[in-house]
Amino acid sequence: MIAELAMPDPDTHMPTSALQTGETHDFNDCWPAATPELSVLVPTYKDSADRLLQALGNCTDTSRVEVIIYDDGSADPELTEHIRKAVKAFTGAACLVTCAENKGRSAGRNRLQDLSRSDWLLFLDADMVPDDPKFLTNYLEVSATQTLPALIVGGFSLNQAHPTPQNELHWAQSIRSECLSAALRNENPGRFVFTSNVLAHRDIMTNVAFDPAFNGWGWEDVDWGIRVAQTYPVVHIDNTATHLGLDTPNTLMGKYAASGPNFWLVANRHPESMSETPLVKLASLLSRIPGRSVIQSMSRTLAAGPSWLLPVSLRLAALKLYRAAVYGGTRHDHC
């Protein structure tokens, strides 16, 4: 049975300082007695995460892990109940933490670390699904070979997702910039840390926390990965999970429009890693062009154009130009 905690309870084996103001903790029957070797940490906002929990439950070695879902202020009782049922049905130890207010992705991930009970922390986004039944086993095995704290990045795929007229632009963007092999990612280990699927030793999280200065969506994982790589080994492997949450063009461009401050924060903080990237170069160039707003408007129109009229390659180029123009427009406010 899932139990709701009014205060920290030693029977749950949660940390003694676990419960914070505005939080509710719900856990399943497997939780109290579990001694996990790996903690699967899932921040979510308005996403049920039920397909992820089901997929994890079908993996091998669930008895060696715990799963903690952190609902970052969705404020949706129906959704909360849906996640509770998924937590109850999970075959291993699982817990739902429901927060009354939205605190942001960085703060949510730091909170998940506080609540976890193992030394190895696997961060997964709620809209990810493991591609291999041995997904958890693969991480357990590679972590056992590490003699020092390390960051292990499994990678990103679209193997279980399907392109549609609504999401094909995001599909194309993901294929080109995110679905990269371990060999390619290892060429610049810190730059290609995607926290949608990444395993970190607790010592790394203690010494290099996610920076809550990154508000909202985007770029906090790039900043974190670069900072981690300055002190700890970053190892990329092919242990992918599929990103199911592909956005429509307007939703994706809305995220870009809101992420300008985060972009310049990481670009200014890490010029040695970011200054030569095509996006920084183009955004910097467009920041000096008086007609940038026209470029932004035209590129947005092209990117959002109907798939039956414009080839996806043209729309993808327009999307990249729109993103750079949006970031160029916020440069002087954050430099």
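**Exercise 1.** Find which residues make the nonpolar surface patch of about 270 Å².

Solution. L282, L285, I289 and L321 make this patch. To join a patch, a residue needs over 30% relative accessible area and no salt bridge, with like charges joined within 9 Å and nonpolar side chains (Val, Leu, Ile, Met, Phe, Trp, Tyr) within 5 Å. Areas come from the Shrake-Rupley method with a 1.4 Å probe, and for residues only the protein chains shown count as cover. Now check L321: its relative accessible area is 31%, so it's partly exposed (buried is under 20%, exposed over 50%, partly exposed in between, with a 1.4 Å probe and protein chains only).

A quick note: this is a predicted model, where local features need pLDDT of at least 70, side-chain atom pairs count only at pLDDT 80 or more, and totals for chains, interfaces and linings use all residues. Residues are numbered from 1 along each chain as its sequence is written, and side-chain values use heavy atoms, leaving out hydrogens and water.

**Exercise 2.** Find the salt-bridge partner of R117.

Solution. A salt bridge puts a side-chain nitrogen of Lys or Arg within 4 Å of a carboxyl oxygen of Asp or Glu. R117 pairs with E66, their closest N and O atoms being 2.6 Å apart. E66 is buried, at 0% relative accessibility.
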